[in-house]
Amino acid sequence: MIKKLLEINGISKTYPGVIANSDISFNINTGEVHALLGENGAGKSTLVKIIYGLVKPDSGNLLLNGVPFRPGTPSEARKAGIAMVFQHFSLFEALSVAENISLGMDNPPNQRDLGKKIKSVSESYGLPLDPAKTVGELSVGGRQRVEIIRCLLQNPKLLVMDEPTSVLTPQEVDILFKTLLKLRSEGTSILYISHKLEEIRKLCDTATILRLGKKVDTCTPEKTSTKKLAEMMVGSTIKAPEKLNKPAGRVMLNVNNICCVSKSQFGTSLTNVTFDLRQGKILGIGGVAGNGQDELFAVLSGEQFSQHGSIGLNGINITKFNPNQRRKIGLLSAPEERLGHAAAPNMSLIENTLITAENSQNLVSRGFIDWKKSKAFAEKVIKKFDVRTPGSQNTAGSLSGGNLQKFVIGREILQNPSVFIVNQPTWGVDAAAASSIRQALLTLSENGAAILVISQDLDELLEISDQFAALNGGALSRIEKTADLSMEQIGLMMGGAKDLEVHNV
Amino acid sequence: MFKLEKRPEQSQKWIYLSPFLAVLITMISGGILFATLGENPFEAIRIIFWDPLFDPSFASYSRPQLLVKAGPLILIAIGLSFGFKAGVWNIGAEGQYILGAIFGASVALAFYPMESKLIFPLMIIAGALGGFLWGLIPALLKAKLNTNEILVSLMLVYVAESILASVSQGLLKNPDGYGFPGSRNLQNYASAANVEIIANSGMHWGVLFAFITVIFSYIILTKHIQGFNIQLTGQAPRASKFAGVNPTANIVFCLGISGALAGLAGMFEVSGPSGQITIEFNSGYGFTAIIVAFLGRLHPIGIFLSGLLIALTYIGGELAQLMLGLPGASIQLFQGMLLFFLLATDLFANYKVKIGANK
């Protein structure tokens, strides 16, 4: 007999200018893995925050085991048996695993007892964890384990997981799924948030799909096709980018044995990174976040100089060139962080063209800015890349993530780079915009540019890149043809599997 | 209950409106303050803001004073605004002002009593150089050793004051001064005197320089790539690095230009209204200019207007001391309130205030 654990009735929540949740109702049953599916901005996070007591709904109510449930704070929610693993971890890197876990507890036992408990719980769920280890030394997958164990120690009735696999290698995902299925068999319900459809079809019993703050449908993912799920999530059909297979041209960028010490304390230094970028080809670099991606980008864009090794562009040694000098000879780049790095949030789109296009578009003559030309260029980007904004006068910060990303990528592509470096091109971008950005990258490569795409989205890399390599601990794996790789090989290249072995569950 | 709601974009309307609101609230609070001191608030406000300009018995003296006081304030504040826009906080303009005055006066005294048309231009260059070098100290320390420019520039004010005390009793002391501390009076040295360009207007060379600086800084900030880079660095440091702006050059530019302009202000003051280097030569213009810069929204035209307003509070404050016997500190209080209320009303630019019983 199916028992309802949590009933969600007509939840609505409005933020200034945005309806985050509009009259959402569904139930989570005891012992089921319930998926909450939707694009960025569909209202998943808001709903989860309401369940976890971080946000109060404007209207609607929750029933937990048939009793009205209105958590005012996360600790009230925890007392009622709800635990949550956030996408962004809240851990102190300088403290040990046990210390981190005890900090999150209301009445922590002493460290020795806690350590024993952590060991036994983590092993029984197939997620072995050494309580004495410093969190800073753990991989991202290991840190996620700390968060999960922290939740499991409370014996939750409902475990909420926000995009847990976005930071994991395929092997780590398998381990996690085994743990979740064991939890389900013990009667724990899991609310699983994701936009990865295959994952949800594999793991979840029920899926509720949100779009623009409204519930679209609740269905059984196993019996629904991926295509159908995607269409429900996005609200329209999406054209997959087309890829032509052109022969590789000559080497444009030659990166030779780069070593670079990271500037941040818990960053990852690059060691002996070597690769070539060829005309008309896309090299995809995967890897779990924090394995040197940001450092690699900074070294290639010219924001940071490597201590060893050399970078050559078309035979010119550009190792000590700053970003502008590199742009002048055709190497352009687009960083991961849109606001504050690729663009200045409080400046208009016109002003934002000056950040990278100053030289190639002749926007400045003898030190004076040609505002007419800047405006024309901004409007060209807006038009060609379908950036939805009232006008070029609007600030970068007023655009949605997807539209700003289209602007940032468009700003670079319209300058006709011969080498283009991009970090996380579709991070936090809705599916339609992501697909158009990927298409733009493919078109750029067909026109003869050499492209490097750094991304944590494996599906994206498999879709657009000709070659694939993974960063692990600041070192680059072998470079393989994407077409020849299996998911398992990719996982091994990402290297996360070596310190996270599967235990018998 | 009041509720603050973040605006999606800064309200342009409120950015320009809030200084006026701040002035109004300052007048009201000042009025209450004066009332508690037993004065008629309306009379006190009138004496401070109206009489210096329009009262027949005071205006002939006060009106020229308006430009005399506003000139250095505007000159210094324009320089500061470059740094403030870039997130480089020069709090030590007072020290750069003193060094500019010492450098300028030293050049004049070195040539005394020779008369030449070249002396005054040389003094201008020396004044700017003095302030520039003093501003360069925190700039290089920040660029090379990542020290905090707020602390270093502020501490250098006290160093500058000690140098001032030393030279006015030593190196630059007037040999014919009967042993009193202080230099010769440059007003009595024709080649070095900063005279009024238009008689009885208060318009001396320094005021003219201030006005020219306003125009130049407007052009740099709105039309020149250097001005854009400064604003980009202040708003999004990572983006400015990505754009290829050299952070060291930027820090040196901001502190250097604000130092040079403060030094110029000091030079024009010592060769004009003040006339001589004395121990109490500096009167806090370097600090008050910070208020002027913010009240003027770091915008050249705004700084021009707020410089005049703050100058008015100086003159009006003196008048109020004379007429009502108000304590001298009350005018500093007034200026402080102005900055306080300005920062408070800035809230409206970023937030909407909603009144309602929404829990």
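Trainee: What makes the second largest cavity a cavity, and what is its volume?
Mentor: In this predicted model, the second largest cavity has a volume of about 60 Å³. It is called a cavity because a 1.4 Å probe fits at its points, on a 1 Å grid over the protein atoms alone, but cannot get out. The volume is the space filled by probe spheres set on those points, joined across faces, edges and corners.

Trainee: How do you know which residues line the second largest cavity?
Mentor: A lining residue has an atom within 4 Å of a point. Among those lining the second largest cavity are A:K243, A:L244, A:N245, A:K246, A:L442, A:S445 and A:E446. Helix α14 (residues 431-446) of chain A gives the most, with three residues; a helix here is a DSSP run of H or I, at least four residues.

Trainee: What makes up the lining of the second largest cavity by class?
Mentor: It has four nonpolar, three polar and five charged residues. A:K243 and A:E446 line this cavity and count as charged because Lys and Glu are in that class, with Asp and Arg.

Trainee: Which residues are closest to the centre of the largest cavity?
Mentor: The largest cavity has a volume of about 70 Å³ and is one of five cavities of 30 Å³ or more. Ten residues line it, the closest to its centre being A:L127, A:G141, A:Q144, A:R145 and A:E172. α5 (140-152) and α6 (170-185) of chain A each give two or more residues to the lining, and α5(A) gives the most, four.

Trainee: How do you know how many residues chain A and chain B bring to their contact?
Mentor: Contact means heavy atoms within 4.5 Å, and by that rule 34 residues come from chain A and 18 residues from chain B. The area buried between the chains is about 2,100 Å², with 62% from carbon and sulfur atoms; this is accessible area (1.4 Å probe) lost on being put together, summed over both. A:H341, A:M347 and A:I355 supply 22% of what chain A buries against chain B, more than any other three residues.

Trainee: What are the numbering and the limits?
Mentor: Residues are numbered from 1 along each chain as written, with chains lettered from A and ligands numbered from 1 in written order. Local features need pLDDT of at least 70, side-chain atom pairs 80 or more, while totals for chains, interfaces and linings use all residues; side-chain values use heavy atoms, without hydrogens and water.

Notes
Buried area is the accessible area (1.4 Å probe) that two parts lose on being put together, summed over both. On a 1 Å grid over the protein atoms alone, a cavity is a set of points where a 1.4 Å probe fits but cannot get out, and a pocket is an open set with protein on both sides within 12 Å along at least five of seven lines; lining residues have an atom within 4 Å of a point.
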